[in-house]
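Subject: Structure handover

Hi,

Here is the structure I promised to pass on. Please take a look, then read my notes below.

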Amino acid sequence: PFLKGRQPQEPWRKFLLYEYYWERNYPQTPTMHAVFNDRIKYTRYHGIWDIDELYDLRNDPNERNNLIHHPEWQDQINSLNARLFGMLEESDGMSMPLMEDRGTKFFHRRHGGSTGAAFPQWFYREAGDSGR
């Protein structure tokens, strides 16, 4: 139906999977995976940031209110996390693809350029605090 310009009678997919894997030449962007549909978007970051995201796209289409730590969303988050890893298993997404090494020159970096933003205070937690 899509190719003929028509909407299918049933949803094409319940969720889509997005995958991005860390690249040596772009070390500031961590490996990340997301599952989303027209209602909700769950993103899981793997790497030094470890701040996941959950957005209610109907009520927050600009993704400004991260619901990841809201207690009422925890069951949905657990379900989405299981769905994400299930989709990764099905697609062989658990095997990390490696790109050819392009060397150590990063032409997109400028000496004296802007630095990364500081982490917000809520990011830090005490030792032993799981954060969830």
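This is a predicted model: local features need pLDDT of at least 70, side-chain atom pairs count only at pLDDT 80 or more; totals for chains, interfaces and linings use all residues.

Residues are numbered from 1 along each chain as its sequence is written, and side-chain values use heavy atoms, with hydrogens and water left out.

More on Glu19

Glu19 sits in strand 1. Buried means under 20% relative accessible area, exposed over 50%, and partly exposed in between (1.4 Å probe, protein chains only). Leaving out residues up to four places away in sequence, Glu19 touches Met32, His33, Leu88, Ser91 and Gly93. Contact here means heavy atoms within 4.5 Å. Arg44 is 25 residues from Glu19 along the chain, and their C-alpha atoms are 9.9 Å apart.

The overall layout

The protein has one helix and four strands. Helices (H or I, at least four residues) and strands (E, at least two) are DSSP runs, numbered from the N terminus. Along the sequence the pattern reads β-β-β-β-α.

The four strands form an open sheet in the order 1-2-3-4, with antiparallel pairing. Strand 1 (16-20) and strand 4 are the edges, each pairing on one side only. On average, neighbouring strands are turned by 10° against each other, direction ignored. Two strands count as paired if DSSP finds at least two bridges between them.

Now strand by strand:

- Strand 1 and strand 2 are antiparallel, with five bridges. Leu16 stands opposite Phe36 in strand 2.
- Strand 2 (residues 31-36) and strand 3 (residues 40-46) are antiparallel, with six bridges. A hairpin of three residues links strand 2 to strand 3. Met32 has Tyr45 in strand 3 as its bridge partner.
- Strand 3 and strand 4 are antiparallel, with four bridges. Thr43 stands opposite Glu53 in strand 4.

Where does helix 1 lie? Helix 1 (residues 74-91) lies across strand 1, strand 2, strand 3 and strand 4, and runs at about 65° to strand 3. Axes are lines fitted to C-alpha atoms, for helices over the stretch in contact, and angles run from 0 to 180 degrees between N-to-C directions.

A look at Asp56

Asp56 belongs to strand 4 (residues 53-56). Asp56 is buried, with a relative accessible area of 7%. Which residues does Asp56 touch? They are Arg39, Pro61, Leu67 and Trp73, not counting residues up to four places away in sequence. With Arg39, Asp56 also makes a side-chain polar contact of 3.0 Å.

Whole-protein totals

Of the 132 residues in the protein, 23% are buried. Among contacts with a separation of 6 or more, 39% are between residues 24 or more positions apart. The accessible surface is about 10500 Å², and 51% of that belongs to carbon and sulfur atoms. Areas come from the Shrake-Rupley method with a 1.4 Å probe; for residues, only the protein chains shown count as cover.

Best wishes

Definitions and conventions: A polar contact is a pair of N or O atoms within 3.5 Å; within protein, one must be able to donate a hydrogen and the other to accept it, and residues adjacent in sequence count only if both atoms are side-chain atoms.
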